[in-house]
Amino acid sequence: MYSMKKYLLLFLCLTLGVAYAQDTLRVRVMTYNLRFGELASLEELAHHIKSFKPDFVALQEVDSKTDRKRTPHQKGKDFISELTYHTGMFGLYGKTIDYSTGYYGIGMLSKYPYISVQKIMLPHPVKEHERRAMLEGLFEMGNDTIVFTSTHLDVNSQETRAEQIKFITGHFKNYKYPVILGGDFNARHYSEAIRGMDSWFAASNDDFGMPAWKPVIKIDYLFAYPQKGWRVISTQTVQSLLSDHLPIITELEYVKEASKKKY
């Protein structure tokens, strides 16, 4: 009888372990402002990104076919196509403005194929300021589905950034799939804009990340939604001089059932 109870207990533990594994999603994500490739080649940036083996990468300040005077070595290059080639990942691009015979905007890289993608323009109350957007992809991650999003908020106005955050939070409020958002928020950690993310899970540390050669401020972030169910396994602000921003790499775990509990 004792042996039977022991085996029954072992069976229950294994069953619960399998159920837990099936209800847990682990994902490795990165956010990186490339400074339009001014400080490095696309091959160098791709190698750097690839070395961290991310599942998803949110990219900002991404050129496509521009003739930017500050970056003659990048003339005419399609950043996302080249980064896709050199990393072996899938690539998506969202133009925010026309610039110097080409385009300037945001992008993302993914280890997994996408189901759908959309570019959503953010609130733009001051018409003289540059347009900003978020690029949102719905991805098949094995048997799971996840939303990954890249954004780059307004650089000139705290009020505009706060309005853009309010819009983003409202947009994802009732999503049925877990969401991860990465980007350059152009906002300090104590600002109104970042306080507006209080319904999200903070998925990166407080390390300064800009400028890369002597970091004194933090404006790049990773967040996850819904707030419940997420856990940071590891996070790092990476020391690198390939851009004026330091990239952030975070490994996260999402327990689906935990997100449904009432607290």
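Predicted model: local features only at pLDDT ≥ 70, side-chain atom pairs only at ≥ 80, totals over all residues.
Which residues line the largest cavity? Residues are numbered from 1 along each chain as its sequence is written, and side-chain values use heavy atoms, leaving out hydrogens and water.

Let's start with the sheet. Six strands form an open sheet with mixed pairing, in the order β5-β6-β7-β8-β10-β9. Strands here are DSSP runs of E with at least two residues, helices are runs of H or I with at least four, and both are numbered from the N terminus. Two strands pair if DSSP finds at least two bridges between them. At the edges stand β5 (114–121) and β9 (201–202); each has a single partner strand, so one side of each has no neighbour in the sheet.

Helix α4 (residues 158–172) packs on this sheet, touching β5, β6 (133–141), β7 (144–152), β8 (179–184) and β10. Contact means heavy atoms within 4.5 Å. The direction of α4 makes about 30° with that of β6; axes are lines fitted to C-alpha atoms, for helices over the stretch in contact, and angles between N-to-C directions run from 0 to 180 degrees.

Now look at β6. Eight of its nine residues are buried, where buried means under 20% relative accessible area, exposed over 50%, and partly exposed in between, with a 1.4 Å probe and protein chains only. Seven bridges join β6 to β5, and eight join β6 to β7; both pairs run antiparallel. In β6, L138 is the bridge partner of S116, while G137 stands opposite F148 in β7.

Back to my opening question. The lining of the largest cavity is D207, F208, G209, M210, I217, K218, I219, D220, T237, L246 and I248. On a 1 Å grid over the protein atoms alone, a cavity is a set of points where a 1.4 Å probe fits but cannot get out, and lining residues have an atom within 4 Å of a point. The volume is about 40 Å³, counted as the space filled by probe spheres set on the points, with grid points joined across faces, edges and corners.

P211 is found in the loop between β9 and β10.

Note on methods: 1 Å grid on protein atoms, 1.4 Å probe; cavity = no way out; pocket = protein on both sides within 12 Å on 5 of 7 lines; lining within 4 Å.
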